[in-house]
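Biologist: Please take a close look at one part of this model, the charged side chains and their pairing. Then set that part in its surroundings.

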Amino acid sequence: MRRWVCCALLLGVVAVLGVAAPASAKECGGDFPARLQCWKAGLNDGVVGVTLRSELRLDGTKTDRAAMIKGVLGQSGNLEVQVPAGATTGEGGTVLLMLATQGHRLVDRKAVITPLSSDTRNELDELCSQRESFCSAVDDKKALTGDDLIRKGLATSHQEYEVGSLGNDDGLEKWLLLGTATALAVLLIAFVFVVRRTRVAPAATPTPRTADEPTRALRTTTRAAPSRRVGPTHPATVRTPLHPQGYVELDRVLYRAVWAEPAEPPPAPGSRVDVADPPDPGSDVLYAYPPAPARHARAH
């Protein structure tokens with residue numbers, strides 16, 4: 001039983017971790033046009049979020065870049081670009097920010113925005129015609145910060161977005177981590193409780209009484225060896241098997257007793273026996289004998 005409970009608790013931990021752990025973003029590799037093509041494939045299904053944690057190079061051929069930039073620009077309303085604190089966009093990341101709309105450019109104030117070279121600016125003439133303000137801000141100048149873009153109204157503060165949005169990934173991760181820690185703590189407490197409960201060996205349970213009055217007490221005694229019938233005896237009822245020791249009931253009290261007739265099979269629970277006090281003063285185990293015929297007749 002303990003093994004099954006432990007397995008269930010471990011499965012619960014795995015289930016909690018599986019639910020609480022956020023899914024990793026889809027990887028889109030290759031050069032800049034290949035990445036754009038990969039991200040563009042999801043734009044028809046909804047918002048595609050891209051987080052720039054490292055510099056994104058503007059590599060690939062000009063022809064391929066132009067084709068993919070034009071394709072993504074037509075669906076830019078579903079493109080969301082995030083730049084966390086300390087990250088540098090690279091020229092490719094800056095172009096990706098330019099492709100997104102102002103409300104979907106989520107930058108931390110301490111992010112670094114790489115300026116576009118004059119050659120890149122000339123290459124992106126068509127894109128810059130639609131994103132003139134952004135293109136001018138990053139046109140062949142020194143590196144900007146996320147704060148520069150935010151103050152110019154060209155991007156949205158990532159921190160403000162976290163506070164105001166229920167769907168923010170960073171805020172969600174914090175709640176998921178807190179929920180995971182709480183669930184694990186509860187499971188651990190339950191595990192310790194179950195283990196401690198199952199370490200206690202169950203006590204022997206006597207056969208239930210059929211008499212009207214319940215047994216008043218259980219008297220524990222020491223072990224004694226069988227002996228011949230000695231001294232006065234009293235009628236009692238067997239409550240647990242005498243193999244060779246068990247319990248008998250005498251005056252609604254359970255006593256430890258030993259079957260004193262090894263040549264005969266011990267009586268079953270519910271049978272009547274005669275019990276006698278042990279001859280050894282240091283023992284409390286009663287001796288059980290077959291009932292005397294006359295007493296057996298009176299019992300019935």
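Modeller: Asp 148 is buried, at 17% relative accessibility (buried is under 20% relative accessible area, exposed over 50%, partly exposed in between, with a 1.4 Å probe and protein chains only). The model is predicted, so local features need pLDDT of at least 70 and side-chain atom pairs count only at pLDDT 80 or more, while totals for chains, interfaces and linings use all residues. Numbering starts from 1 along each chain as its sequence is written, and side-chain values use heavy atoms, leaving out hydrogens and water.

Asp 148 meets the side chain of Arg 151 in a salt bridge, 2.7 Å from N to O (a side-chain nitrogen of Lys or Arg within 4 Å of a carboxyl oxygen of Asp or Glu). Arg 151 is exposed, with a relative accessible area of 58%. Both residues sit in helix 8, residues 146-151 (helices are DSSP runs of H or I, at least four residues; strands are runs of E, at least two; both are numbered from the N terminus). Asp 148 and Arg 151 are three residues apart, so about one helical turn separates them. The pair belongs to a network: salt bridges with shared partners join Arg 109, Asp 147, Asp 148 and Arg 151.

The structure holds eight salt bridges. One of them pairs Asp 139 with Arg 121, with the closest N and O atoms 4.0 Å apart. This pair links distant parts of the chain, 18 residues apart. Asp 139 lies in the loop between helix 7 (132-137) and strand 5 (144-145), and Arg 121 lies in helix 5, residues 118-123. Asp 139 is partly exposed at 26%. Arg 121 is also partly exposed, at 23%.

Asp 59 forms a salt bridge with Arg 57, the closest N and O atoms being 3.3 Å apart. Here Asp 59 is partly exposed at 22%, and Arg 57 is exposed at 62%.

Four strands form an open sheet in the order 1-2-3-6, with parallel pairing (strands pair if DSSP finds at least two bridges between them). Strand 1 (48-51) and strand 6 (156-157) stand at the edges; each has a single partner strand, so one side of each lacks a neighbour in the sheet. Strand 1 runs parallel to strand 2 (residues 79-83), joined by four bridges. Val 48 stands opposite Leu 79 in strand 2. Helix 4 (residues 90-99) packs on this sheet, touching strand 1, strand 2 and strand 3 (105-107) (contact means heavy atoms within 4.5 Å).

Methods
Axes fitted to C-alpha atoms, helices over the stretch in contact; angles between N-to-C directions.
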